[in-house]
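This briefing is written for a reader who is meeting the structure for the first time. Please look over the sequence and the model before going on to the points below.

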Amino acid sequence: MHWDIVFRNFDYFLIGAYPKGPLGGLAMTVILAVGGIFGAFWLGLGVGLMRISKKPSLRWPAMAFIEIIRGTPLLMVVFWFYFLAPVVFGHTLPEAESALIALIVFTSAYIAEIVRAGVEALPKGQMEAARGTGLSHFQAMTHIILPQALFNMIPSFVNQFVSLTKDTSLAFIIGVNELTKAATQVNNRTLTAPTEIFITIAVLYFVICYCLTEFSRYLERRINRYQARGR
Amino acid sequence: MAYQFDFGQVVSGEYGQWILSGLGVTLQISGISIVLSLALGTVIAVLRLSKVKPLVWFAASFTEFFRNTPLLVQIFFWYFGSYSVLPEAVNQWLYARDFEFACGVIALTVYTAAFIAEEIRSGIFSIPKNQLEASRACGLSFLQAMAYVILPQAFRVIIPPLISQFLNLIKNSSLVMTIGVMDLTYMARQIEAHTFHGFEAFTVSTLIYLTISLIVSLGVNLYNRRVLHVRSR
C-alpha cells in the first residue's frame, strides 16, 4: 500500500493549490454545496409556493418545472447549463458558475416539493384563522404559515443538503476543481495508489455527510418532542 | 453567430442509431442493477433486523457508508481501485468480461442497495411487532417468519418508495459514462462532440429519460390509488 502518496497530497485534497494557485479540493466542494443550498432554498421556496397556489397560471408552470427536473438525471442538467450557456449568452460561462447554477436549479425542484409537503401538512384552520383575523393571503403566508412550516421542514432541508453535497461531485465531469477532480488528478499523476486515494476521498465526503445526517436525525427528534409538548 | 437547429440529423441515420444503442445500454445496466440491488438490499435489511450484534453492526455501517458517499466516487473506487481489495479470481473474471459495465453494475447495485435496505427496514417496522411474535410462537424460525409472514405484508407498503429508488437508479446510471460505459448520456455527449449539435442531442436524451420517469410515476400513482387506496397529491 502507498498511503504516503495520500499524506503528501492531503493538503491538495483539502484546499487545492491555494494560496499559490486556484482554490480547489474539499474547500471548493463546500463552497459549491453551501452556495447551492442557499440559492436552491430561495428558488425552491418560490416554486413551492407557486405549486400550492390556487391560480392555474402559477401552479402549472411550477408543476411542469418540478416534474421535468425530477425526471431528469442531474448529469443531464449539468450538461444543459454547460453546453447551452454559449447558445444563450453567446459566450461560455466559467465551469464553476455553470455547475453552481445547475445544482441550484436541480435542487430547487426537490426543495419545492419539501415546501409543498410542509405547508400542506399544517392544519387548514391555520390559514382560515389567519385570514379570519383580517390578514391578506400574503401576510398570512409570511407571518403564520411559513414560519411554522419551515421550522418543521428543517430536517428535510438538512437531508437535501447532504444529497447536494454528494451531487457536487458531478461538477468534476465538466472540469470544476473540487474534491473528486483533485482525486483523479493525483491518481493520474501517481498511478500507483488508486485504492488508497479513492478510499480517502470517500471518507472525506462520508465525514461531512454523516455528521449532517446525524444532525438532521437529532433535529427531527427535537422537533417531534417540541410538537408533542404543544399538543 | 446564430445557432442552426437540426433535429433531423440527431434522430435519424447513424446518430439515431447511437441514441438507440445508448438507450439499450442504459436499460440493460439499470435492469441488471435493479434486480441485484433489490436482492442485496433485502439481505442487508434482514441482517440489520436480526438479533446478532456483528451482523447488525455490519449492516448498519454498510448502509451509512454507502448512503453518505457520492456515487461518482464509488464508481471511481470500483473502477480504479478495486483490484487490490477484490480476490484475484474475481478480478480475472471481471477483466475477461466487459470491465467498465461490470464496475458500473457493482457501483449502482451497492449504492442503491443501501437506500433500498432503509426503505425495506421502515416497511418492516410498519408491520405490528406481535405479527413476528405470533409467528415465532407458531413454531416458525426467524427466517421463516420473515419470509412467509412479515416480508409479504411489508412489500405491499414498500413498493411505491422502492420503485422511486429504482427510478433514481435509472437516472443515476447516467454517471457510468464517466468510466466509458456507452449509455444514453455518453452517446448524447458523443454526438455533441461530433456534430456540435449538443442542444438537439441533449433534448432528445432528456426527453427519453423524462418519458421513462413519467411512465413509472404514473404507474406508482395508479398503484397507490388502486391497491393502497391513498389519494396522491
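Helices (H or I, at least four residues) and strands (E, at least two) are DSSP runs, numbered from the N terminus. By that count, A:Glu214 lies in helix 10 of chain A, which covers residues 194-230. This is a predicted model, in which local features need pLDDT of at least 70 and side-chain atom pairs count only at pLDDT 80 or more, while totals for chains, interfaces and linings use all residues. Residues are numbered from 1 along each chain as its sequence is written, and chains are lettered from A and ligands numbered from 1 in the order in which they are written.

**Chain A as a whole**

- The secondary structure of chain A consists of 10 helices and zero strands, so that the order of elements from the N terminus reads α-α-α-α-α-α-α-α-α-α.
- The C-alpha trace of chain A spans about 70 × 50 × 30 Å along its principal axes.
- Chain A has 231 residues, of which 42% count as buried; a residue is buried if 20 or more other C-beta atoms lie within 10 Å of its own, exposed if 12 or fewer, and partly exposed in between, with C-beta atoms placed from the backbone.
- Two residues are in contact if their C-beta atoms, placed from the backbone, lie within 7 Å, and among the contacts in chain A with a separation of 6 or more, 72% join residues 24 or more positions apart.

**Single residues in the two chains**

- A:Glu214 counts as partly exposed because it has 13 C-beta neighbours inside 10 Å, and it is 162 residues from A:Ile52 in sequence and 31 Å from A:Ile52 in space, C-alpha to C-alpha.
- The peptide bond from A:Tyr18 to A:Pro19 is cis, with omega near 0°, and A:Pro19 is found in the loop between helix 2 (10-15) and helix 3 (25-51) of chain A.
- A:Leu191 is not a glycine, yet has a positive phi of about 65°; it lies in the loop between helix 9 (179-190) and helix 10 of chain A, and it counts as exposed because it has 10 C-beta neighbours inside 10 Å.
- In chain B, B:Phe196 also has a positive phi of about 65° although it is not a glycine; B:Phe196 lies in the loop between helix 9 and helix 10 of chain B, and it counts as exposed because it has 12 C-beta neighbours inside 10 Å.

**The nonpolar core**

- A nonpolar core is a set of buried Ala, Val, Leu, Ile, Met, Phe, Trp, Tyr and Cys residues joined through C-beta atoms within 7 Å.
- The largest such core has 121 residues, and those with the most contacts inside it include A:Val77, A:Phe198, B:Ile75 and B:Ala107.
- Helix 6 of chain B gives the largest share of this core, 16 residues.
- Apart from its neighbours within four places in sequence, A:Val77 is in contact with A:Ile69, A:Thr72, A:Ala102, A:Val105 and A:Phe106.

**Where chain B touches chain A**

- The contact takes 29 residues from chain B and 29 residues from chain A.
- On the side of chain B, the elements that give two or more residues are helix 3 (53-67), helix 4 (71-81), helix 9 (184-195) and helix 10 (198-226), and helix 10 of chain B gives the most, with nine residues.
- By class, the side of chain B that touches chain A has 15 nonpolar, 11 polar and three charged residues, where Ala, Val, Leu, Ile, Met, Phe, Trp, Tyr, Cys and Pro count as nonpolar, Asp, Glu, Lys and Arg as charged, and the others, Gly among them, as polar.

**Helix 3 against helix 6 in chain B**

- Helix 3 of chain B packs with helix 6 (residues 99-125) of chain B at an angle of about 120°, with their axes 8 Å apart; axes are lines fitted to C-alpha atoms, for helices over the stretch in contact, and angles run from 0 to 180 degrees between N-to-C directions.
- That angle makes helix 3 of chain B oblique to helix 6 of chain B, since angles under 35 degrees count as roughly parallel, over 145 as roughly antiparallel, 65 to 115 as roughly perpendicular and the rest as oblique.
- The residues that meet include B:Phe62 and B:Phe66 in helix 3 of chain B, and B:Tyr111 and B:Phe115 in helix 6 of chain B.
- By class, this contact of helix 3 with helix 6 of chain B has seven nonpolar, one polar and two charged residues.
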